[in-house]
Amino acid sequence: MIRVGIDAVEVSRIKALWQRYGERVLRRLFTPEEIGYARSARGDRCFERLAARFAVKEALVKATGRSLPFTAIEVSQAPSGRPIACCPLIEGNIEISLTHTESLAVACVLLEEATSSLRPEP
């Protein structure tokens, strides 16, 4: 079985959260590696990268049909530069596609074998 999730996030929403709550909100939503990758970008491109990763996390939650801790989902890059997602709470293949502009980030997630591969909730 293949399940699909899609999400769009306004970059300004992520920036506003950071302006209001600071580093605390970043640590609740993103892994240290994701934060480091985002910070390697210049200016507001940092927030574009964070918004894209948040969109992947939301899309994966939609694909699974259950809540997952955002920091349990990590978006990184394969050596080829292709974005990849992993989550230790999910067994099976996760394929993602993401894109972003100055104002909007969009992600699509395909989750194979979702109904039989979800690990039991703790």
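User: What makes helix 4 a mostly covered helix?

Analyst: Of its 20 residues, 17 are buried. Buried means a relative accessible area under 20%, exposed means over 50%, and partly exposed is anything in between (1.4 Å probe, protein chains only). A word on the source: this is a predicted model, in which local features need pLDDT of at least 70 and side-chain atom pairs count only at pLDDT 80 or more, while totals for chains, interfaces and linings use all residues. Residues are numbered from 1 along each chain as its sequence is written, and side-chain values use heavy atoms, with hydrogens and water left out.

User: Which elements make up the whole chain, and in what order?

Analyst: The chain holds five helices and five strands. Read from the N terminus, the order is β-α-α-α-α-β-β-β-β-α.

User: How does the radius of gyration compare with that of a compact globule?

Analyst: The radius is taken over C-alpha atoms, and the globule rule is 2.2 Å times the number of residues to the power 0.38. For 122 residues the rule gives a value near 14 Å, and the chain has 14 Å, so the two agree. Along its principal axes the C-alpha trace spans about 40 × 30 × 25 Å. As for cover, 40% of the 122 residues count as buried.

User: Why is the pair of Asp44 and Lys15 called a salt bridge?

Analyst: The rule asks for a side-chain nitrogen of Lys or Arg within 4 Å of a carboxyl oxygen of Asp or Glu. Asp44 and Lys15 come to 3.0 Å, N to O, and meet the rule. Asp44 lies in the loop between helix 3 (32-39) and helix 4, and Lys15 in helix 1 (residues 11-21), so the bridge ties together parts 29 residues apart in sequence. Asp44 is partly exposed at 42%, and Lys15 is partly exposed at 25%.

User: How many salt bridges does that rule give?

Analyst: The count is six. One of them joins Glu95 to Arg82, with the closest N and O atoms 3.5 Å apart. Glu95 belongs to strand 4 and Arg82 to the loop between strand 2 (74-77) and strand 3 (83-86), so this bridge ties together parts 13 residues apart. Glu95 is partly exposed at 33%, as is Arg82 at 42%.

User: How many aromatic pairs are there?

Analyst: Three. Rings of Phe, Tyr and Trp (its six-membered ring) pair if their centres lie within 6.5 Å; planes under 30 degrees apart are stacked, over 60 edge-to-face, and the rest tilted.

User: What type of pair do Phe30 and Phe54 form?

Analyst: Their centres are 6.5 Å apart and their planes 65 degrees, which makes the pair edge-to-face. Phe30 is in the loop between helix 2 and helix 3, and Phe54 is in helix 4, 24 residues apart. Phe30 is buried at 2%, and Phe54 is buried at 4%.

User: And what type of pair do Phe54 and Phe70 form?

Analyst: With 5.1 Å between centres and 50 degrees between planes, this pair is tilted. Phe70 comes from the loop between helix 4 and strand 2, 16 residues from Phe54. Phe70 counts as partly exposed, because its relative accessibility is 23%. Phe30, Phe54 and Phe70 form one aromatic cluster.

Note on methods: Helix = DSSP H or I, 4+ residues; strand = E, 2+ residues; numbered from the N terminus.
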